[in-house]
Amino acid sequence: MTLLAHAAEDPADSRTYLLNNGTAQRYHRALTESVDRVSATIAGTTRPFTGISVDGLTPTVAAVDLDAPLHDAAAALDELEEVYLRDAVYFHHPRYLAHLNCPVVIPALVGEAVLTAVNSSLDTWDQSAGGTLIERRLIDWTAGRIGLGASADGIFTSGGSQSNLQAMLLARDEACRRELAREGTPSDARLTDVLPRLRILTSECSHFSIRKAATLLGMGAEAVLTVPADDHKRMRADALADELARCRRDGLIPMAVVATAGTTDFGSIDPLPETAELCARYGAWMHVDAAYGCGLLVSRRRHLLDGIERADSVTVDYHKSFFQPVSSSAFLVRDRTTLRHVTYHADYLNPRRMAEQRIPNQVDKSIQTTRRFDALKLWLTLRIMGARAVGELFDEVIDRAADAWKLLHDDPRFDVVVEPSLSTLVFRYVPAGDADPELADRVNLHAREALFASGDAIVAGTKVDGRHYLKFTLLNPETTLEDIATVLDLIAEHAGTFLAAQPRPALSAH
Ligand SMILES: *Cc1c(COP(=O)(O)O)cnc(C)c1O
(Lines give C-alpha, C1' and ligand atoms only; values in the text may rest on other atoms or scores of the structure.)
Protein backbone atom coordinates (compact mmCIF):
# COMPACT_ATOMS: atom_id res chain seq x y z
CA MET A 1 0.00 0.00 0.00
CA THR A 2 1.33 3.42 -0.88
CA LEU A 3 1.57 5.95 1.84
CA LEU A 4 -1.08 8.05 0.14
CA ALA A 5 -3.64 5.26 -0.17
CA HIS A 6 -3.08 4.35 3.45
CA ALA A 7 -3.62 7.93 4.50
CA ALA A 8 -6.86 8.19 2.56
CA GLU A 9 -8.29 5.17 4.39
CA ASP A 10 -7.04 6.21 7.77
CA PRO A 11 -9.85 7.87 9.70
CA ALA A 12 -7.26 9.98 11.42
CA ASP A 13 -6.04 11.43 8.14
CA SER A 14 -6.16 15.10 8.88
CA ARG A 15 -7.23 16.13 5.41
CA THR A 16 -10.52 14.28 5.58
CA TYR A 17 -11.60 16.77 8.20
CA LEU A 18 -11.39 19.73 5.88
CA LEU A 19 -14.65 20.82 4.30
CA ASN A 20 -14.28 20.81 0.52
CA ASN A 21 -15.86 19.31 -2.57
CA GLY A 22 -14.56 15.88 -1.66
CA THR A 23 -15.93 15.91 1.88
CA ALA A 24 -19.28 17.62 1.47
CA GLN A 25 -21.08 14.35 2.22
CA ARG A 26 -19.12 13.87 5.39
CA TYR A 27 -19.97 17.41 6.42
CA HIS A 28 -23.63 16.74 5.71
CA ARG A 29 -23.64 13.56 7.81
CA ALA A 30 -21.81 15.12 10.73
CA LEU A 31 -24.01 18.20 10.82
CA THR A 32 -27.19 16.16 10.50
CA GLU A 33 -26.05 14.03 13.40
CA SER A 34 -25.38 17.09 15.56
CA VAL A 35 -28.68 18.73 14.62
CA ASP A 36 -30.48 15.47 15.46
CA ARG A 37 -28.89 15.45 18.90
CA VAL A 38 -29.65 19.07 19.63
CA SER A 39 -33.25 18.82 18.45
CA ALA A 40 -33.76 15.72 20.60
CA THR A 41 -32.23 17.52 23.59
CA ILE A 42 -34.37 20.62 23.05
CA ALA A 43 -37.50 18.50 22.60
CA GLY A 44 -36.73 16.65 25.81
CA THR A 45 -35.85 19.51 28.18
CA THR A 46 -38.19 19.53 31.14
CA ARG A 47 -36.29 22.12 33.16
CA PRO A 48 -34.12 25.10 32.21
CA PHE A 49 -31.18 23.58 34.09
CA THR A 50 -30.22 20.41 35.93
CA GLY A 51 -28.98 22.43 38.89
CA ILE A 52 -25.51 20.88 38.73
CA SER A 53 -22.85 22.65 40.77
CA VAL A 54 -19.44 23.87 39.61
CA ASP A 55 -17.81 21.15 41.69
CA GLY A 56 -20.18 18.58 40.28
CA LEU A 57 -19.35 19.33 36.65
CA THR A 58 -15.68 20.30 36.83
CA PRO A 59 -14.30 16.73 37.12
CA THR A 60 -16.30 15.60 34.08
CA VAL A 61 -14.78 18.31 31.93
CA ALA A 62 -11.33 17.86 33.47
CA ALA A 63 -11.38 14.10 32.73
CA VAL A 64 -11.44 14.64 28.98
CA ASP A 65 -8.00 14.00 27.48
CA LEU A 66 -7.58 16.69 24.86
CA ASP A 67 -4.56 14.89 23.44
CA ALA A 68 -6.49 11.68 22.77
CA PRO A 69 -8.93 12.45 19.95
CA LEU A 70 -11.90 10.17 19.35
CA HIS A 71 -11.73 10.35 15.53
CA ASP A 72 -15.48 10.04 15.46
CA ALA A 73 -18.11 12.75 15.54
CA ALA A 74 -20.77 10.50 17.07
CA ALA A 75 -18.46 9.51 19.93
CA ALA A 76 -17.51 13.13 20.54
CA LEU A 77 -21.17 14.08 20.62
CA ASP A 78 -21.85 11.31 23.13
CA GLU A 79 -19.11 12.77 25.29
CA LEU A 80 -20.49 16.28 24.75
CA GLU A 81 -23.79 15.10 26.14
CA GLU A 82 -21.99 14.51 29.43
CA VAL A 83 -19.76 17.55 29.53
CA TYR A 84 -22.18 20.11 28.17
CA LEU A 85 -25.55 19.36 26.65
CA ARG A 86 -27.11 17.55 29.60
CA ASP A 87 -26.35 20.33 32.07
CA ALA A 88 -26.48 23.40 29.85
CA VAL A 89 -28.75 26.32 30.72
CA TYR A 90 -31.62 26.34 28.23
CA PHE A 91 -32.98 29.77 27.37
CA HIS A 92 -35.88 28.34 25.36
CA HIS A 93 -37.44 26.88 28.49
CA PRO A 94 -40.43 28.95 29.69
CA ARG A 95 -39.07 29.06 33.23
CA TYR A 96 -35.76 30.57 32.25
CA LEU A 97 -36.49 34.10 33.48
CA ALA A 98 -33.03 35.38 34.33
CA HIS A 99 -30.94 37.46 31.96
CA LEU A 100 -31.41 39.16 28.61
CA ASN A 101 -31.18 35.88 26.70
CA CYS A 102 -33.89 35.19 24.20
CA PRO A 103 -35.13 31.96 22.70
CA VAL A 104 -33.83 31.99 19.13
CA VAL A 105 -35.86 31.92 15.92
CA ILE A 106 -35.27 29.06 13.52
CA PRO A 107 -34.63 31.26 10.43
CA ALA A 108 -31.64 32.72 12.28
CA LEU A 109 -30.32 29.22 13.00
CA VAL A 110 -30.52 28.47 9.29
CA GLY A 111 -28.44 31.59 8.77
CA GLU A 112 -25.96 30.48 11.43
CA ALA A 113 -25.46 27.12 9.71
CA VAL A 114 -24.84 28.79 6.37
CA LEU A 115 -22.54 31.54 7.58
CA THR A 116 -20.33 29.18 9.57
CA ALA A 117 -19.84 26.76 6.71
CA VAL A 118 -19.11 29.38 4.06
CA ASN A 119 -17.08 31.26 6.68
CA SER A 120 -16.98 34.63 4.95
CA SER A 121 -15.04 37.28 6.79
CA LEU A 122 -16.67 40.65 6.65
CA ASP A 123 -13.57 42.79 6.97
CA THR A 124 -13.13 43.17 3.24
CA TRP A 125 -15.05 42.84 0.02
CA ASP A 126 -12.47 40.35 -1.25
CA GLN A 127 -13.32 38.00 1.66
CA SER A 128 -17.07 38.28 1.50
CA ALA A 129 -18.54 39.85 -1.64
CA GLY A 130 -22.33 39.57 -1.21
CA GLY A 131 -21.91 39.25 2.56
CA THR A 132 -20.69 42.82 2.69
CA LEU A 133 -23.64 44.03 0.64
CA ILE A 134 -26.10 42.12 2.82
CA GLU A 135 -24.61 43.58 5.99
CA ARG A 136 -24.82 47.07 4.52
CA ARG A 137 -28.45 46.59 3.56
CA LEU A 138 -29.28 45.57 7.12
CA ILE A 139 -27.42 48.56 8.54
CA ASP A 140 -29.39 50.81 6.21
CA TRP A 141 -32.61 49.03 7.12
CA THR A 142 -31.96 49.49 10.84
CA ALA A 143 -30.88 53.12 10.42
CA GLY A 144 -34.09 53.64 8.44
CA ARG A 145 -36.19 52.18 11.24
CA ILE A 146 -34.44 54.47 13.70
CA GLY A 147 -34.80 57.45 11.38
CA LEU A 148 -31.15 58.48 11.37
CA GLY A 149 -31.30 60.09 7.93
CA ALA A 150 -29.49 59.81 4.62
CA SER A 151 -25.95 60.10 5.98
CA ALA A 152 -26.29 57.24 8.43
CA ASP A 153 -24.05 54.21 8.49
CA GLY A 154 -22.84 51.58 10.91
CA ILE A 155 -21.37 48.16 11.40
CA PHE A 156 -22.25 44.81 12.94
CA THR A 157 -20.43 44.24 16.22
CA SER A 158 -19.89 41.44 18.72
CA GLY A 159 -22.39 42.92 21.15
CA GLY A 160 -23.68 45.94 23.00
CA SER A 161 -20.50 46.38 24.98
CA GLN A 162 -18.43 46.68 21.82
CA SER A 163 -21.00 49.01 20.25
CA ASN A 164 -20.92 51.25 23.31
CA LEU A 165 -17.13 51.26 23.25
CA GLN A 166 -17.11 52.33 19.62
CA ALA A 167 -19.70 55.02 20.37
CA MET A 168 -17.54 56.48 23.12
CA LEU A 169 -14.45 56.24 20.92
CA LEU A 170 -16.08 58.27 18.13
CA ALA A 171 -17.54 60.75 20.62
CA ARG A 172 -14.14 61.18 22.25
CA ASP A 173 -12.33 61.74 18.98
CA GLU A 174 -14.99 64.13 17.70
CA ALA A 175 -14.81 66.13 20.93
CA CYS A 176 -11.00 66.23 20.78
CA ARG A 177 -11.02 67.27 17.15
CA ARG A 178 -13.46 70.10 17.83
CA GLU A 179 -11.66 71.23 20.95
CA LEU A 180 -8.27 71.34 19.23
CA ALA A 181 -9.77 73.27 16.31
CA ARG A 182 -11.40 75.82 18.61
CA GLU A 183 -10.22 79.38 18.47
CA GLY A 184 -7.82 80.20 21.27
CA THR A 185 -6.52 76.65 21.60
CA PRO A 186 -2.72 76.73 21.60
CA SER A 187 -1.36 75.34 18.34
CA ASP A 188 0.82 72.83 20.18
CA ALA A 189 -2.12 71.46 22.16
CA ARG A 190 -2.50 67.71 21.90
CA LEU A 191 -5.16 65.12 22.34
CA THR A 192 -3.69 64.23 25.71
CA ASP A 193 -4.28 67.82 26.90
CA VAL A 194 -7.96 67.51 26.13
CA LEU A 195 -8.50 64.00 27.45
CA PRO A 196 -8.57 64.82 31.19
CA ARG A 197 -11.37 67.36 30.66
CA LEU A 198 -13.74 65.02 28.83
CA ARG A 199 -16.85 63.79 30.60
CA ILE A 200 -19.55 61.26 29.74
CA LEU A 201 -22.95 61.76 31.33
CA THR A 202 -25.25 58.82 31.86
CA SER A 203 -27.90 57.67 34.28
CA GLU A 204 -27.25 55.65 37.38
CA CYS A 205 -29.15 52.80 35.68
CA SER A 206 -27.01 52.70 32.53
CA HIS A 207 -24.94 49.67 31.55
CA PHE A 208 -21.51 49.14 33.10
CA SER A 209 -19.96 48.88 29.65
CA ILE A 210 -20.06 52.69 29.48
CA ARG A 211 -17.72 52.92 32.46
CA LYS A 212 -15.57 50.16 31.02
CA ALA A 213 -15.38 52.02 27.71
CA ALA A 214 -14.23 55.18 29.49
CA THR A 215 -11.45 53.19 31.11
CA LEU A 216 -10.42 51.50 27.87
CA LEU A 217 -10.36 54.88 26.13
CA GLY A 218 -7.87 56.27 28.60
CA MET A 219 -10.31 58.59 30.32
CA GLY A 220 -10.77 56.58 33.48
CA ALA A 221 -14.07 55.46 34.96
CA GLU A 222 -14.22 58.73 36.89
CA ALA A 223 -14.83 60.54 33.60
CA VAL A 224 -18.35 59.10 33.72
CA LEU A 225 -20.70 61.39 35.62
CA THR A 226 -23.74 59.68 37.04
CA VAL A 227 -27.08 61.36 36.55
CA PRO A 228 -29.80 60.34 39.01
CA ALA A 229 -32.90 58.51 37.81
CA ASP A 230 -36.52 59.27 38.66
CA ASP A 231 -38.99 56.96 40.40
CA HIS A 232 -39.44 55.08 37.16
CA LYS A 233 -35.69 54.57 36.81
CA ARG A 234 -35.42 56.98 33.88
CA MET A 235 -32.61 59.50 33.70
CA ARG A 236 -33.85 62.79 35.14
CA ALA A 237 -33.68 65.44 32.42
CA ASP A 238 -33.51 68.25 35.00
CA ALA A 239 -30.57 66.57 36.71
CA LEU A 240 -28.88 66.06 33.33
CA ALA A 241 -29.34 69.78 32.58
CA ASP A 242 -27.77 70.67 35.94
CA GLU A 243 -24.86 68.34 35.39
CA LEU A 244 -24.20 69.73 31.89
CA ALA A 245 -24.29 73.29 33.23
CA ARG A 246 -21.88 72.31 35.98
CA CYS A 247 -19.48 70.80 33.43
CA ARG A 248 -19.48 74.02 31.46
CA ARG A 249 -18.92 76.12 34.60
CA ASP A 250 -16.00 73.93 35.61
CA GLY A 251 -14.35 74.09 32.19
CA LEU A 252 -15.07 70.45 31.49
CA ILE A 253 -16.15 69.08 28.11
CA PRO A 254 -19.34 67.01 28.14
CA MET A 255 -18.26 64.86 25.20
CA ALA A 256 -21.27 62.53 25.29
CA VAL A 257 -24.58 61.85 26.93
CA VAL A 258 -25.59 58.20 26.96
CA ALA A 259 -29.33 57.65 27.15
CA THR A 260 -30.49 54.10 27.68
CA ALA A 261 -33.53 52.85 25.78
CA GLY A 262 -34.31 49.87 27.95
CA THR A 263 -32.13 49.70 31.04
CA THR A 264 -30.86 46.23 31.80
CA ASP A 265 -32.57 45.95 35.16
CA PHE A 266 -35.77 47.94 34.77
CA GLY A 267 -36.33 48.25 31.03
CA SER A 268 -36.76 51.96 31.64
CA ILE A 269 -36.37 54.31 28.70
CA ASP A 270 -34.61 57.60 29.33
CA PRO A 271 -36.32 60.78 28.07
CA LEU A 272 -34.94 60.80 24.53
CA PRO A 273 -36.39 64.10 23.18
CA GLU A 274 -35.24 66.05 26.25
CA THR A 275 -31.81 64.42 26.07
CA ALA A 276 -31.57 65.38 22.39
CA GLU A 277 -32.42 69.01 23.24
CA LEU A 278 -29.76 69.18 25.91
CA CYS A 279 -27.14 67.51 23.71
CA ALA A 280 -27.83 70.04 20.97
CA ARG A 281 -27.53 72.91 23.44
CA TYR A 282 -24.21 71.73 24.87
CA GLY A 283 -22.72 70.24 21.72
CA ALA A 284 -22.55 66.80 23.30
CA TRP A 285 -22.66 63.58 21.30
CA MET A 286 -25.95 61.80 21.93
CA HIS A 287 -25.60 58.06 22.17
CA VAL A 288 -28.65 55.87 22.69
CA ASP A 289 -27.95 52.47 24.15
CA ALA A 290 -30.89 50.47 22.80
CA ALA A 291 -29.21 47.10 23.32
CA TYR A 292 -32.37 45.85 24.98
CA GLY A 293 -35.04 48.23 23.67
CA CYS A 294 -34.19 47.86 19.97
CA GLY A 295 -36.98 45.31 19.55
CA LEU A 296 -39.36 48.28 19.84
CA LEU A 297 -38.20 49.29 16.35
CA VAL A 298 -40.39 46.51 14.94
CA SER A 299 -43.10 46.46 17.60
CA ARG A 300 -46.46 48.20 17.91
CA ARG A 301 -44.81 50.25 20.66
CA ARG A 302 -42.38 52.01 18.33
CA HIS A 303 -43.49 55.36 19.82
CA LEU A 304 -41.65 54.51 23.05
CA LEU A 305 -38.43 55.23 21.12
CA ASP A 306 -39.54 58.64 19.86
CA GLY A 307 -36.51 60.92 19.93
CA ILE A 308 -34.04 58.15 19.08
CA GLU A 309 -33.92 59.53 15.53
CA ARG A 310 -31.99 62.52 16.90
CA ALA A 311 -29.13 60.40 18.23
CA ASP A 312 -25.59 60.68 16.93
CA SER A 313 -25.17 56.96 17.49
CA VAL A 314 -27.23 53.98 18.56
CA THR A 315 -26.44 50.53 19.96
CA VAL A 316 -28.78 47.70 18.99
CA ASP A 317 -28.51 44.10 20.18
CA TYR A 318 -30.48 41.85 17.89
CA HIS A 319 -29.38 39.00 20.15
CA LYS A 320 -31.56 40.45 22.88
CA SER A 321 -34.90 41.55 21.51
CA PHE A 322 -34.82 40.32 17.89
CA PHE A 323 -34.61 36.66 18.98
CA GLN A 324 -31.23 36.18 17.30
CA PRO A 325 -28.48 33.82 18.46
CA VAL A 326 -25.36 35.36 20.03
CA SER A 327 -23.66 37.31 18.48
CA SER A 328 -25.85 39.64 16.49
CA SER A 329 -25.47 43.28 17.22
CA ALA A 330 -24.89 46.58 15.51
CA PHE A 331 -23.64 50.10 15.99
CA LEU A 332 -25.23 52.92 13.97
CA VAL A 333 -24.14 56.51 13.42
CA ARG A 334 -26.04 59.51 12.07
CA ASP A 335 -22.98 60.85 10.20
CA ARG A 336 -20.97 58.21 8.39
CA THR A 337 -17.86 60.40 8.25
CA THR A 338 -17.43 59.98 12.02
CA LEU A 339 -16.54 56.33 11.41
CA ARG A 340 -13.21 57.53 9.99
CA HIS A 341 -11.90 57.55 13.57
CA VAL A 342 -11.54 53.78 13.32
CA THR A 343 -10.24 53.74 9.73
CA TYR A 344 -6.69 52.48 9.32
CA HIS A 345 -5.29 51.32 6.02
CA ALA A 346 -3.12 48.23 5.80
CA ASP A 347 -1.28 47.48 2.59
CA TYR A 348 -2.08 43.79 2.82
CA LEU A 349 -5.79 44.25 3.49
CA ASN A 350 -7.51 47.51 2.69
CA PRO A 351 -5.10 49.95 1.06
CA ARG A 352 -6.25 53.51 0.67
CA ARG A 353 -6.61 53.13 -3.08
CA MET A 354 -9.47 50.69 -2.49
CA ALA A 355 -11.42 53.35 -0.64
CA GLU A 356 -10.76 55.67 -3.57
CA GLN A 357 -12.03 52.98 -5.93
CA ARG A 358 -15.12 52.70 -3.68
CA ILE A 359 -14.51 49.07 -2.90
CA PRO A 360 -16.55 48.46 0.24
CA ASN A 361 -14.23 47.23 2.98
CA GLN A 362 -16.20 47.04 6.20
CA VAL A 363 -13.00 46.88 8.27
CA ASP A 364 -12.72 50.62 7.60
CA LYS A 365 -15.69 51.10 9.98
CA SER A 366 -14.99 48.44 12.57
CA ILE A 367 -12.78 47.99 15.60
CA GLN A 368 -12.54 44.31 14.68
CA THR A 369 -10.65 42.89 11.72
CA THR A 370 -11.68 39.32 10.93
CA ARG A 371 -15.40 39.39 11.56
CA ARG A 372 -18.26 36.91 11.38
CA PHE A 373 -21.08 37.30 8.90
CA ASP A 374 -23.60 37.56 11.76
CA ALA A 375 -25.82 39.76 9.65
CA LEU A 376 -26.95 36.71 7.68
CA LYS A 377 -29.02 35.54 10.65
CA LEU A 378 -31.04 38.74 10.70
CA TRP A 379 -31.28 38.70 6.91
CA LEU A 380 -32.88 35.25 6.85
CA THR A 381 -35.10 36.22 9.78
CA LEU A 382 -36.43 39.18 7.85
CA ARG A 383 -36.70 37.18 4.61
CA ILE A 384 -38.46 34.19 6.16
CA MET A 385 -40.60 35.46 9.02
CA GLY A 386 -40.45 39.22 8.61
CA ALA A 387 -39.93 42.15 10.94
CA ARG A 388 -43.56 42.31 12.01
CA ALA A 389 -43.45 38.75 13.34
CA VAL A 390 -40.34 39.60 15.36
CA GLY A 391 -42.10 42.65 16.77
CA GLU A 392 -45.13 40.56 17.69
CA LEU A 393 -42.94 38.24 19.75
CA PHE A 394 -41.42 41.18 21.60
CA ASP A 395 -44.82 42.79 22.14
CA GLU A 396 -46.07 39.56 23.59
CA VAL A 397 -43.40 39.44 26.30
CA ILE A 398 -44.02 43.10 27.11
CA ASP A 399 -47.73 42.33 27.52
CA ARG A 400 -46.84 39.39 29.74
CA ALA A 401 -44.63 41.57 31.91
CA ALA A 402 -47.51 44.01 32.40
CA ASP A 403 -49.74 41.16 33.57
CA ALA A 404 -47.01 39.77 35.79
CA TRP A 405 -46.58 43.20 37.36
CA LYS A 406 -50.24 43.15 38.42
CA LEU A 407 -49.74 39.68 39.83
CA LEU A 408 -46.73 40.82 41.86
CA HIS A 409 -48.29 44.10 42.87
CA ASP A 410 -51.31 42.33 44.37
CA ASP A 411 -49.24 39.67 46.10
CA PRO A 412 -48.46 40.60 49.72
CA ARG A 413 -45.46 38.24 49.73
CA PHE A 414 -43.59 40.47 47.31
CA ASP A 415 -42.54 44.03 46.83
CA VAL A 416 -42.13 45.09 43.18
CA VAL A 417 -40.02 48.12 42.27
CA VAL A 418 -41.47 49.75 39.15
CA GLU A 419 -44.18 49.06 36.63
CA PRO A 420 -42.29 47.77 33.57
CA SER A 421 -42.13 49.61 30.26
CA LEU A 422 -40.43 46.61 28.65
CA SER A 423 -40.22 43.07 29.97
CA THR A 424 -38.30 42.98 33.24
CA LEU A 425 -39.63 42.88 36.79
CA VAL A 426 -37.48 43.69 39.80
CA PHE A 427 -39.02 42.54 43.05
CA ARG A 428 -38.24 40.99 46.36
CA TYR A 429 -39.75 38.60 48.80
CA VAL A 430 -40.67 40.37 52.03
CA PRO A 431 -40.84 38.22 55.12
CA ALA A 432 -44.09 38.74 57.03
CA GLY A 433 -44.03 41.08 59.99
CA ASP A 434 -41.47 43.74 60.63
CA ALA A 435 -38.42 41.86 59.40
CA ASP A 436 -35.13 43.68 59.22
CA PRO A 437 -33.88 44.41 55.71
CA GLU A 438 -30.67 42.40 56.27
CA LEU A 439 -32.72 39.31 56.78
CA ALA A 440 -34.82 40.10 53.73
CA ASP A 441 -31.56 40.36 51.76
CA ARG A 442 -30.46 36.95 52.92
CA VAL A 443 -33.87 35.42 52.22
CA ASN A 444 -33.84 36.67 48.64
CA LEU A 445 -30.25 35.62 48.01
CA HIS A 446 -31.09 32.20 49.37
CA ALA A 447 -34.28 31.85 47.34
CA ARG A 448 -32.46 32.65 44.11
CA GLU A 449 -29.64 30.19 44.81
CA ALA A 450 -31.99 27.44 45.95
CA LEU A 451 -34.13 27.87 42.86
CA PHE A 452 -31.04 27.72 40.63
CA ALA A 453 -29.81 24.60 42.40
CA SER A 454 -33.21 22.96 41.96
CA GLY A 455 -33.13 23.64 38.22
CA ASP A 456 -36.90 24.24 38.31
CA ALA A 457 -36.52 27.84 37.19
CA ILE A 458 -33.81 30.47 36.84
CA VAL A 459 -34.25 34.06 37.96
CA ALA A 460 -31.72 36.86 38.17
CA GLY A 461 -30.79 39.09 41.05
CA THR A 462 -29.78 42.71 41.35
CA LYS A 463 -29.47 45.46 43.92
CA VAL A 464 -31.79 48.40 44.46
CA ASP A 465 -30.67 51.08 46.91
CA GLY A 466 -28.13 48.65 48.29
CA ARG A 467 -30.65 45.88 48.95
CA HIS A 468 -30.87 42.50 47.25
CA TYR A 469 -33.72 42.01 44.81
CA LEU A 470 -34.79 39.35 42.37
CA LYS A 471 -35.37 39.93 38.69
CA PHE A 472 -37.42 38.36 35.95
CA THR A 473 -36.36 39.12 32.40
CA LEU A 474 -39.16 37.96 30.14
CA LEU A 475 -38.09 37.31 26.57
CA ASN A 476 -39.91 34.10 25.90
CA PRO A 477 -43.47 34.36 24.59
CA GLU A 478 -43.93 30.72 25.69
CA THR A 479 -43.69 31.81 29.32
CA THR A 480 -47.25 31.95 30.58
CA LEU A 481 -48.64 33.91 33.51
CA GLU A 482 -49.12 30.54 35.13
CA ASP A 483 -45.39 29.83 34.79
CA ILE A 484 -44.70 33.13 36.48
CA ALA A 485 -47.16 32.40 39.29
CA THR A 486 -45.57 28.99 39.78
CA VAL A 487 -42.08 30.48 39.98
CA LEU A 488 -43.29 33.03 42.54
CA ASP A 489 -44.67 30.17 44.62
CA LEU A 490 -41.35 28.35 44.35
CA ILE A 491 -39.50 31.47 45.49
CA ALA A 492 -41.86 31.87 48.44
CA GLU A 493 -41.40 28.21 49.29
CA HIS A 494 -37.59 28.46 49.34
CA ALA A 495 -37.85 31.69 51.32
CA GLY A 496 -40.19 30.02 53.81
CA THR A 497 -37.81 27.08 54.27
CA PHE A 498 -34.96 29.50 54.89
CA LEU A 499 -36.94 31.55 57.40
CA ALA A 500 -38.11 28.46 59.23
CA ALA A 501 -34.47 27.54 59.79
CA GLN A 502 -33.70 30.92 61.36
CA PRO A 503 -33.13 31.03 65.11
CA ARG A 504 -35.43 34.02 65.62
CA PRO A 505 -38.90 32.70 66.39
CA ALA A 506 -40.73 36.02 65.91
CA LEU A 507 -40.31 35.79 62.15
CA SER A 508 -42.51 33.82 59.89
CA ALA A 509 -43.15 33.19 56.26
CA HIS A 510 -46.36 34.24 54.65
C1 LIG B 1 -26.83 43.80 27.54
C2 LIG B 1 -26.60 45.24 27.51
C3 LIG B 1 -25.40 45.76 27.04
C4 LIG B 1 -24.23 44.87 26.70
O5 LIG B 1 -24.49 44.14 25.55
P6 LIG B 1 -23.67 42.80 25.24
O7 LIG B 1 -24.26 42.35 23.97
O8 LIG B 1 -23.96 41.88 26.39
O9 LIG B 1 -22.25 43.16 25.16
C10 LIG B 1 -25.27 47.12 26.95
N11 LIG B 1 -26.27 47.94 27.30
C12 LIG B 1 -27.45 47.47 27.77
C13 LIG B 1 -28.51 48.44 28.17
C14 LIG B 1 -27.65 46.11 27.90
O15 LIG B 1 -28.79 45.64 28.40
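These legends go with close-up views of ring contacts in a predicted model.

**View 1. Trp141 meets Phe322 edge-to-face.** A search through the whole structure turns up nine aromatic pairs. Take the one between Trp141 and Phe322: the ring centres are 6.5 Å apart and the planes sit at 80°, so it goes down as edge-to-face, the cut-off for that label being over 60 degrees. Trp141 belongs to helix α6 (residues 130-146), while Phe322 is in the loop between α12 (318-321) and β8 (329-333), so this pair ties together parts that are 181 residues apart in sequence. Is Trp141 buried, exposed or partly exposed? Trp141 comes out as partly exposed, at 24% relative accessible area. Phe322, on the other hand, counts as buried, at 1%.

**View 2. Phe322 also pairs with Tyr318.** Here the ring centres of Tyr318 and Phe322 are 5.1 Å apart, with the planes at 90°, so this pair is edge-to-face too. Tyr318 is buried, with a relative accessible area of 0%.

**View 3. Ring pairs make a cluster.** Which residues take part in it? Trp141, Phe156, Tyr318 and Phe322 are linked through their ring pairs.

**View 4. Arg26 puts its charge over Tyr17.** The charged end of Arg26 is 4.5 Å from the centre of the Tyr17 ring, and sits over that ring.

**View 5. Arg428 does likewise with Tyr469.** In this view the ring belongs to Tyr469, and the charged end of Arg428 sits over it, 5.1 Å from the ring centre.

Terms used:
Residues are numbered from 1 along each chain as its sequence is written. This is a predicted model: local features need pLDDT of at least 70, side-chain atom pairs count only at pLDDT 80 or more; totals for chains, interfaces and linings use all residues. Side-chain values use heavy atoms; hydrogens and water are left out. Rings of Phe, Tyr and Trp (its six-membered ring) pair if their centres lie within 6.5 Å; planes under 30 degrees apart count as stacked, over 60 as edge-to-face and the rest as tilted. Helices (H or I, at least four residues) and strands (E, at least two) are DSSP runs, numbered from the N terminus. Buried means under 20% relative accessible area, exposed over 50%, partly exposed in between (1.4 Å probe, protein chains only). A charge sits over a ring if NZ of Lys or CZ of Arg is within 6 Å of the ring centre and within 35 degrees of the ring normal.
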